Amino acid sequence: MANVVVIGAQWGDEGKGKVTDLLSKSADVVVRYQGGVNAGHTVVVKDQTFKLHLIPSGILYPETECIIGSGTVIDPKTLIEELDRLEALNISTQNLMISQTAHVTMPYHRLIDQASEERRGNHKIGTTGRGIGPTYADKSERIGIRVLDLIDPEGLRKQLNWTINYKNVILEKLYDLPPLDPEEVIDEYEQYAQRLRPHVVDASLKIYDAVQERRNILFEGAQGTLLDLDHGTYPYVTSSNPVAGGACVGAGVGPTMIDRVIGVAKAYTTRVGEGPFPTEMTEGIGDVLCDRGAEFGTTTGRKRRCGWFDAVIGRYAVRINGIDCLAITKLDVLDELDEIKVCVAYEIDGTRCDNFPSSSRQFARCKPIYETLPGWQQSTINCRTLEDLPKQALDYLKYLAELMAAPIAVVSIGASRDQTIIVEDPIHGPKRGLLDANGIPV
């Protein structure tokens with residue numbers, strides 16, 4: 001039995017969907033512990049591509065129980081659309097469970113999110129406009145609607161009548177938007193409640209029972225470490241905690257129930273939205289990475305910003321999350337390059353900095369210090385073992401593992417399930433010192 005957290009070790013979009021799908025094969029329960037429909041996981045199975053936003057990736061395995069935890073925020077309309085798409089593809093959703101204490105995204109959240117971002121002008125954060133931040137804000141302000149409120153018709157009507165009138169003042173006076181009709185919103189959300197009610201459970205109790213039964217549990221986050229509300233590049237962050245510690249709070253389990261943390265990182269770096277990005281390349285090789293890596297957001301379709309691998313944020317992610325091993329994705333995107341750069345440190349105002357700065361203003365002044373490695377200039381797409389990789393590709397992986405002080409357990413060289421090299425069992429393998437096929441530390 002092992003309870004494992006999968007986290008993104010960069011700014012999100014690292015390929016967590018594929019890695020979670022891969023690990024879900026060995027999991028009895030998969031728990032999504034934070035975020036909302038602002039996230040997107042893409043999973044490719046044979047000739048089918050699944051784009052999941054709220055439902056855990058484990059849903060593609062019929063026997064796996066999937067739980068949307070209390071730390072998530074749920075847009076009922078989008079969740080139902082996602083359920084319908086899966087069922088139309090003959091994917092059973094009967095094992096999906098929704099935490100009764102998760103918060104619900106309402107129409108006023110989306111309107112306020114979009115209007116607020118527009119008002120920021122040059123100070124935009126890069127929000128998806130899906131209402132995630134305002135939903136979490138209401139949760140903190142203690143005026144949020146929870147799933148247990150959603151499925152209580154009398155309580156929902158009473159609470160929404162007050163809340164919508166309160167939010168209408170903000171919409172009209174602050175953003176010059178038309179008010180919402182409470183009755184229309186209530187009628188709409190009562191219909192959502194009828195569809196979702198059979199899936200609603202006490203999620204923390206379900207997870208606790210699974211632990212007591214010694215079942216394998218996989219906890220999946222949405223965004224990456226550098227988008228964490230407390231530990232990311234604030235204010236250009238999300239409104240929740242995607243770091244490994246967030247799994248305990250968002251799922252409702254104690255830290256002693258977590259056995260292992262797996263970090264997912266691309267072989268290069270991407271970022272969506274605003275904020276500093278030291279290794280970003282706005283043209284040239286940056287465009288090559290974007291094109292070869294199909295770097296467009298699953299949720300928004302926005303073009304991702306691309307840059308070289310940043311080992312400073314990698315080391316930071318290992319430290320903040322307590323990462324036991326790494327999954328490196330999209331190695332094949334680098335196949336055609338004659339040389340590859342890796343950021344090993346920053347220069348700030350003429351001084352070398354080896355650690356990630358907490359201030360976004362200071363981070364914006366960081367200039368990358370690079371080491372250059374030779375490329376391999378041959379395809380890795382059909383590699384299935386470390387021995388199949390070109391020597392330069394294997395050397396690159398070893399270098400990343402050394403810089404991040406964490407072993408590499410999985411290497412992804414394509415979108416499909418089978419385009420994966422398993423160096424060592426990432427769930428049950430040793431916590432440190434994974435070896436390659438030649439007995440050399442990776």
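**Helix contacts and loops**

Let me start with handedness: α6 passes α7 in a right-handed crossing. Before I go further, please keep in mind that this is a predicted model.

For any such pair, two packed helices are described by the angle between their axes and the distance between the axes. Here, the axes of α6, residues 153-174, and α7 come within 10 Å and cross at roughly 145°.

Which residues of α6 and α7 meet? On the α6 side they are Pro153, Leu156, Arg157, Leu160, Asn161, Ile164 and Asn165. On the α7 side they are Pro182, Glu183, Val185, Ile186, Asp187, Tyr189 and Glu190. Sorted by class, this contact of α6 with α7 has 8 nonpolar, 2 polar and 4 charged residues.

α7, residues 182-196, also has a contact with α2, residues 76-88. The α2 and α7 axes come within 10 Å, and their crossing angle is roughly 45°. That angle is why α2 counts as oblique to α7. The crossing of α2 and α7 is left-handed. From α2, the contact takes in Pro76, Lys77, Leu79, Ile80, Leu83, Asp84 and Glu87. From α7, it takes in Tyr189, Tyr192, Arg195 and Leu196. Tyr189 therefore turns up on the α7 side of both lists. In the contact of α2 with α7, the classes come to 7 nonpolar, no polar and 4 charged residues.

Next, charged pairs. Side chains of opposite charge can pair when their charged atoms come close. How many salt bridges does a search of the whole structure find? The count is 22. One to look at joins the side chains of Asp13 and Arg304, at 3.4 Å from N to O. Those two residues are 291 apart and link distant parts of the chain. Asp13 sits in the loop between β1 (3-8) and α1 (16-24), while Arg304 sits in the loop between α10 and β13.

Leaving aside residues up to four places away in sequence, Lys303 touches Asp287, Cys290, Glu295 and Phe296.

Last, two backbone details. Where is the cis peptide bond I want to show you? It joins Tyr234 and Pro235, with omega about 10°. Pro235 belongs to the loop between β10 (217-224) and α9 (245-251). The other detail is Arg214, which has a positive phi of about 60° although it is not a glycine. Arg214 lies in the loop between α8 (203-212) and β10.

Notes. Residues are numbered from 1 along each chain as its sequence is written. This is a predicted model: local features need pLDDT of at least 70, side-chain atom pairs count only at pLDDT 80 or more; totals for chains, interfaces and linings use all residues. Side-chain values use heavy atoms; hydrogens and water are left out. Contact means heavy atoms within 4.5 Å. Axes are lines fitted to C-alpha atoms, for helices over the stretch in contact, and angles run from 0 to 180 degrees between N-to-C directions. Helices (H or I, at least four residues) and strands (E, at least two) are DSSP runs, numbered from the N terminus. Angles under 35 degrees count as roughly parallel, over 145 as roughly antiparallel, 65 to 115 as roughly perpendicular and the rest as oblique. A crossing is left-handed if the near helix is turned anticlockwise from the far one by less than a right angle, and right-handed if clockwise. Ala, Val, Leu, Ile, Met, Phe, Trp, Tyr, Cys and Pro count as nonpolar, Asp, Glu, Lys and Arg as charged, and the others, Gly among them, as polar. A salt bridge is a side-chain nitrogen of Lys or Arg within 4 Å of a carboxyl oxygen of Asp or Glu.
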